[in-house]
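Hi everyone, thanks for making time for this. I'd like to walk you through one model today, so please have a look at it on the screen first.

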Amino acid sequence: MDGLGLGRGIGAQDANFILISVLARGGSVADSARAIRVHRALAEAGVAVRYRESELGCAGGLRTTVGTEEETQSLQQS
């Protein structure tokens, strides 16, 4: 995910969702403003995603549920 400006997954890796931190361009620090823009763009593309900034340890965090193969393809193309 380095090329996308996304951090490592937050939390356990054995759930049906992915929680990632959106980073400042070219940096390693969470960027809340950028996360909001990414959230808006994904939502407008029909991807169900939640902005989780207010949760402890989720700075710049976006959460999406892993769904059907069709839904996963849609996320990958967004």
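Let me begin with a question: is Arg-52 buried, partly exposed or exposed? Arg-52 is partly exposed, and its relative accessible area is 24%. That value falls in the partly exposed class because buried means under 20% and exposed means over 50%. Before going further, please keep in mind that this is a predicted model.

Now, who is the partner of Arg-52? The side chain of Arg-52 forms a salt bridge with Glu-55, and the closest N and O atoms are 3.4 Å apart. Glu-55 is partly exposed too, at 37% relative accessibility. If you count salt bridges over the model, you get 1.

There is another charged side chain to show you. The charged end of Arg-63 sits over the ring of Phe-17, at 4.0 Å from the ring centre. As for pairs of aromatic rings, the count is 0.

Let's step back to the fold. The chain has 2 helices and 4 strands, and along the sequence they come in the pattern β-β-α-β-β-α. How are the strands arranged? The 4 strands form an open sheet in the order 1-2-4-3, with antiparallel pairing. Strand 1 and strand 3, the latter covering residues 50-51, are the edge strands, and each of them pairs on one side only.

Inside that sheet, strand 2 (residues 17-22) and strand 4 (residues 61-65) run antiparallel and are joined by 5 bridges.

While we are at strand 1, let's visit Leu-6. This residue belongs to strand 1, which spans residues 6-9. Is Leu-6 buried or exposed? With a relative accessibility of 16%, Leu-6 is buried, because the cut-off for buried is under 20%. Along the chain, Leu-6 and Asp-31 are 25 residues apart, and their C-alpha atoms are separated by 9.9 Å.

You will find Val-29 in the loop between strand 2 and helix 1, the helix of residues 32-44. Val-29 is exposed, with a relative accessible area of 56%; that follows because exposed means over 50%. What does Val-29 touch, once neighbours within four places in sequence are left aside? The contacts of Val-29 are then Val-22, Leu-23 and Ala-24. There is also a C-alpha to C-alpha distance of 9.0 Å between Val-29 and Gly-60, which are 31 residues apart in sequence.

Let me finish with some totals for the chain. Of its 78 residues, 24% count as buried. The accessible surface comes to about 5500 Å², and carbon and sulfur atoms account for 51% of that. Finally, take the contacts between residues at least 6 apart in sequence: 38% of these join residues at least 24 apart.

Conventions: Residues are numbered from 1 along each chain as its sequence is written. This is a predicted model: local features need pLDDT of at least 70, side-chain atom pairs count only at pLDDT 80 or more; totals for chains, interfaces and linings use all residues. Side-chain values use heavy atoms; hydrogens and water are left out. Buried means under 20% relative accessible area, exposed over 50%, partly exposed in between (1.4 Å probe, protein chains only). Contact means heavy atoms within 4.5 Å. Accessible areas come from the Shrake-Rupley method with a 1.4 Å probe; for residues, only the protein chains shown count as cover. Rings of Phe, Tyr and Trp (its six-membered ring) pair if their centres lie within 6.5 Å; planes under 30 degrees apart count as stacked, over 60 as edge-to-face and the rest as tilted. A charge sits over a ring if NZ of Lys or CZ of Arg is within 6 Å of the ring centre and within 35 degrees of the ring normal. A salt bridge is a side-chain nitrogen of Lys or Arg within 4 Å of a carboxyl oxygen of Asp or Glu. Two strands pair if DSSP finds at least two bridges between them.
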